[in-house]
Amino acid sequence: MTRYTTAACAIAVAALAASTSACSVTEANDTSAKSKGDGTINVESSAKNCDLTSSEAPSGNVVFKVKNTGSEVTEFYFYAADGLRIVGEIENVGPGLSRDLVVRAAPGTYLATCKPGMVGKGIRSKFTVTDSGTSTKITGVDQATIDAATSQYAAYVRDQSQQLVDETTKFAAAYKAGDDAEARTIFPHARQYWERIETVAESFGDLDPKMDLREADLEPGQKWTGWHRIEKDLWPPASGYRAMTPAERATAVDDLLANAKVLDQRVQGLKYTVDQIGNGSKGLLDEVASGKITGEEDIWSHTDLYDFQANVDGARVGFEGLKPLLEAKEPDLATQIETAFDNLQPLLDKYKKGSDDFVSYDKVTEAQRKELSDAVNALAEPLSKMTGAITL
Amino acid sequence: MTPDRSLSRRRLLGAAGAGALAVGAAGVGGFAYGHETDEAPPTGVDKATYPFHGPHQAGITTPAQDRLHFASFDVTTDSREELVALLRTWTAAAREMTAGTPVGDGAPTSYDAPPTDTGEALGLSASGLTLTFGFGPTLFEKDGQDRFGLRDRRPAALRELPHFPADNLDPARSNGDLCIQACAHDPQVAVHAIRNLARMGFGTVAMRWAQLGFGRTSSTSTRQATARNLLGFKDGTANLKAEDPDNVEKFVWVQEDDDAAASWLAGGSYLVARRINMHIEPWDRTSLREQETLVGRNRDEGAPLSGGTEFTQPDFDLQGRDGPLIAVDAHVRLAHPTQNKGVKMLRRGYNFTDGSTALGRLDAGLFFIAFVRDPVEQYIPMQTRLSSQDALMEYLQHTGSGLFAVPPGVGSKSGFVGETLFA
């Protein structure tokens, strides 16, 4: 089991109902902003005032360092001239804290707004972005492109969860019938539908531990259920293991199937923001790095490479969907990520048996695992920059 | 900012032409803190020598030194007398080394004999060296055997720590009959101490595992700046500090009537050791937003996300737009004393890196050390919660573990470490 969440942007149903802007990742790393030096505009947000050290800046990247000098939680919004469209925002700044906002702003008029107490229209002032002449190539992305990317991804998740239910149904039948050979064959393939959308599935905090908990992750007294419980029964250790009875098998696999169906129901209405998709892609690569490459995911079946491939598949779908947005913002990064995906796949293909199967992971040597790990690092590093690049 | 730990004490001593083995406290302040900062050195943090004798062992409330060499040993003899003799030998050597003196007081040996002291600390000061000794559960009973007539004196709380969720413990980095924590400002001084103690133990004990720590992550004195761990965040802001004697008494030192079987441990403590690997590479690919949300503090200052500055008490109820500003699964919330029935620990952990793994990743993390009066109350419940609920666990894996009873200090020149146990 794993728990990569997208933190403040956790993919919760409630949050998803809100507008996409409620969760855009536009806050900046403090240090990088500081190193940019003189261009930074200091903002002091107090109970009554929203003081900026300057009311104008040249076009390009504009950095606001917002300090909450009031006693309530504050927010800072950088609106377009209409006072509605949010160009950039930071939320949840506690009293006394500072946070940086980086926006990429074209020449024009904007509204800088502090919202102490997080309520009302906030304290607004006019802000002018002058034409610097040097960074005129500020490319916007239209809403239609964003909508296409997010709806495609939603459709992908629904498709995978549907197939997860279908394959798990077949798996359950074979397992309950005592056809272990068939169950072992279906097991890694059924899991792939889970692994491709793992970061979405994990966002449901209750389902993940029920379906994907590993034995080592159990709390004292906690009942072990899900894929890995059944995995151990199908690939039991040589000694010290009592096989499940037919009744126990039925209970275990019916529970797994029921949870897969709950997941399928829950994803039907889900909508995704751009940063959720981007962070999800990066999260899937983290899953590969932390669980699959080390062989800790499927310690009984050694089917880790199926999971590995599925995580990479899911990450790639997320990336491909966002690629038009990324190409508009940072084409070099898009190329770098694409190349890294292209370099990783042939390394995985080396371990394929036929078109859909993989060798047992215990047959993959340390040196070969390192080769895979290096390729994952080469991909995950640029991929981790995608969300920040798109949402800037 | 944390005092620079990179400047070699040896270079400065050399530059100053100081060849003396021990340097006065006043003279030492300059090299540990006198560089690139106008800040006055925190007084008392950088003494050259700490007294070996006292009611408690040194190296617990002593302001955390910058370097660690921790070693765990298996006792290989069946003889109680040999074990006691070694503890006496270790005590004598510890007296010398913590005073900045070579083992054997530098007395010459035959030209045809190997030197008594291994020599690599010659010319160095004591560097704030402290040596802290502990006894593991297996010293009292192992495989059902009462090895040294100590079974009846085993403290009830001294048991192998339970399996915590997500533990991936390496037996070769866990447990042991005895432990020694060597802390100093200079890594060479700490390594020299463990090396010499291990050497004189051959035949009686064998080293089981050891851990180097290259930088402190805890402050045990209010005069020390809070250091950062390898996640890049300040660590141990809410730690117990020596300047809080009432709480130190309450949460660190075992009291006379805590355990009827183990009154020998009064004035001592328990040492919890956990080798916590960090998934450094995935962490480095995590947005600052997520990093701060997981930790519950901001990275710059270490202020809680509910506001204020580093030492402002976190407000766990303060609401932001989508829930509390400090997330329900943030590390600071789950680890904070107010969320753990008010219990505190004295943490004394160190950053470590042991090179790279077979996968080409940093083998690095936090070697967690905590001193507690009762691990059953103060450590096990909190770690159980952290291991199952702390969002930060995604980036952590516990790979080593040990629990040791730390006997009280040595009271006199004729005493030895553990004398109350073997009395």
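In which sense do strand 9 and strand 10 of chain A pair, and over how many bridges? Strand 9 (residues 108-114) and strand 10 (residues 123-130) of chain A pair in the antiparallel sense, over 7 bridges. Two strands count as paired if DSSP finds at least two bridges between them. One of the bridges links Thr113(A) with Arg124(A) in strand 10.

This is a predicted model, where local features need pLDDT of at least 70, side-chain atom pairs count only at pLDDT 80 or more, and totals for chains, interfaces and linings use all residues. Residues are numbered from 1 along each chain as its sequence is written, chains are lettered from A and ligands numbered from 1 in the order in which they are written, and side-chain values use heavy atoms, without hydrogens and water.

Now look at the whole sheet. Its 5 strands form an open sheet with the order 4-10-9-6-7 in chain A, and the pairing is mixed. Two strands sit at the edges, each pairing on one side only:

| Edge strand (chain A) | Residues |
|---|---|
| strand 4 | 56-58 |
| strand 7 | 86-93 |

Helices (H or I, at least four residues) and strands (E, at least two) are DSSP runs, numbered from the N terminus.

Next, find helix 9 (residues 274-292) of chain A, which has 19 residues. All 19 of its 19 residues are buried (under 20% relative accessible area, with exposed over 50% and partly exposed in between, using a 1.4 Å probe and protein chains only).

Finally, Leu392(A) lies in the segment after helix 13 (386-391) of chain A. Leu392(A) and Val103(A) are 289 residues apart in sequence, yet 5.8 Å apart in space, C-alpha to C-alpha.

Note on methods
The expected span of a helix is 1.5 Å times one less than its number of residues.
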